[in-house]
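Reader: Please take me through this structure. I will keep asking how you know.

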Amino acid sequence: GVFPESRDEMETLPGVGRKTANVVSAVAFNKPYFAVDTHVFRVANRLGLVKAKTPLETEKQLEKLFPPEVIPDAHHWLLLHGRYCCTAQKPHCETCGISALCDFFKK
């Protein structure tokens, strides 16, 4: 019947890890939690927003970087940018609107 609002409580449910708990918290409850998937991890590091070796480090650094009120949206911005523009194998730097700010492109 009732889904918990606390990230810690969500993580006690079968099949719910930190990333899922962060997504549900941000989308359903508008909490300032950054869900870090492979796209967010890659894009945040490529852009130079973070210097992290793990998703958890990335999450913590991004949560310090963005104002809490935009974090639920910022997760989607980075995710979609990584899915459609800053792709893993062949990033589309030539059409990217933020390539001038990107550490990866500057190299």
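Author: Start with the order of elements. From the N terminus on, the chain runs α-α-α-α-α-α. That gives six helices and zero strands. Keep in mind that this is a predicted model.

Reader: What are the overall dimensions, and how much of the chain is buried?

Author: Along the principal axes, the C-alpha atoms fill a box of roughly 50 × 25 × 25 Å. The chain has 107 residues, and 37% of them count as buried. Among contacts with a separation of 6 or more, 47% link residues 24 or more positions apart.

Reader: How many salt bridges are there in the whole structure?

Author: The search finds four. One of them joins the side chains of R7 and E59.

Reader: What makes R7 and E59 a salt bridge?

Author: The cut-off is 4 Å between a side-chain nitrogen of Lys or Arg and a carboxyl oxygen of Asp or Glu. For R7 and E59 the N to O distance is 3.3 Å, so the pair qualifies. In general, side chains of opposite charge can pair when their charged atoms come close.

Reader: Are R7 and E59 buried or exposed, and how do you know?

Author: Buried means under 20% relative accessible area. R7 has 15%, so R7 is buried. E59 has 3%, so E59 is buried as well.

Reader: Which residues does R7 touch, leaving aside its neighbours within four places in sequence?

Author: R7 is in contact with R18, A21, N22, S25, Y33, E59 and E63. With N22 there is also a side-chain polar contact of 2.9 Å.

Reader: Why does the R7 and N22 pair count as a polar contact?

Author: The limit is 3.5 Å between N or O atoms, one able to donate a hydrogen and the other to accept it. The R7 and N22 side chains are joined at 2.9 Å, so the distance is within that limit.

Reader: Which salt bridges does R18 form?

Author: R18 forms one with E11, where the closest N and O atoms are 4.0 Å apart. The side chain of R18 also meets that of E59, at 2.8 Å, N to O. R18 lies in helix α2, residues 18–29, and E59 in helix α4, so this pair ties together parts that are 41 residues apart in sequence.

Reader: Which residues make up the network of salt bridges?

Author: R7, E11, R18 and E59 are linked in it.

Reader: What about E9?

Author: E9 lies in helix α1. Its relative accessible area is 46%, so E9 is partly exposed. The C-alpha atoms of E9 and A21 are separated by 8.9 Å, and the two residues are 12 apart along the chain.

Reader: Why is α3 described as largely enclosed?

Author: Seven of the 10 residues of α3 are buried, so the helix is largely enclosed by the rest of the structure. The buried ones are H39, V40, R42, V43, A44, R46 and L47. What covers them includes α4, α5 and α6.

Reader: How do you know how α3 and α5 are oriented?

Author: Helix α3, residues 38–47, and helix α5, residues 71–84, pack at about 90°, with axes 8 Å apart. Angles of 65 to 115 degrees count as roughly perpendicular. The angle is in that range, so α3 and α5 are roughly perpendicular to each other.

Reader: Which residues make this contact, and of what class?

Author: From α3 come H39, V40, R42, V43 and L47. From α5 come H75, L78, L79, H81, G82 and R83. By class, the contact has five nonpolar, four polar and two charged residues.

Technical notes: Residues numbered from 1 in each chain as written. Predicted model: local features only at pLDDT ≥ 70, side-chain atom pairs only at ≥ 80, totals over all residues. Heavy atoms only, no water. Buried < 20%, exposed > 50% of the residue type's maximum accessible area, 1.4 Å probe, protein only. Helix = DSSP H or I, 4+ residues; strand = E, 2+ residues; numbered from the N terminus. Axes fitted to C-alpha atoms, helices over the stretch in contact; angles between N-to-C directions. Parallel < 35°, antiparallel > 145°, perpendicular 65-115°, else oblique. Contact = heavy atoms within 4.5 Å. Nonpolar A, V, L, I, M, F, W, Y, C, P; charged D, E, K, R; others polar.
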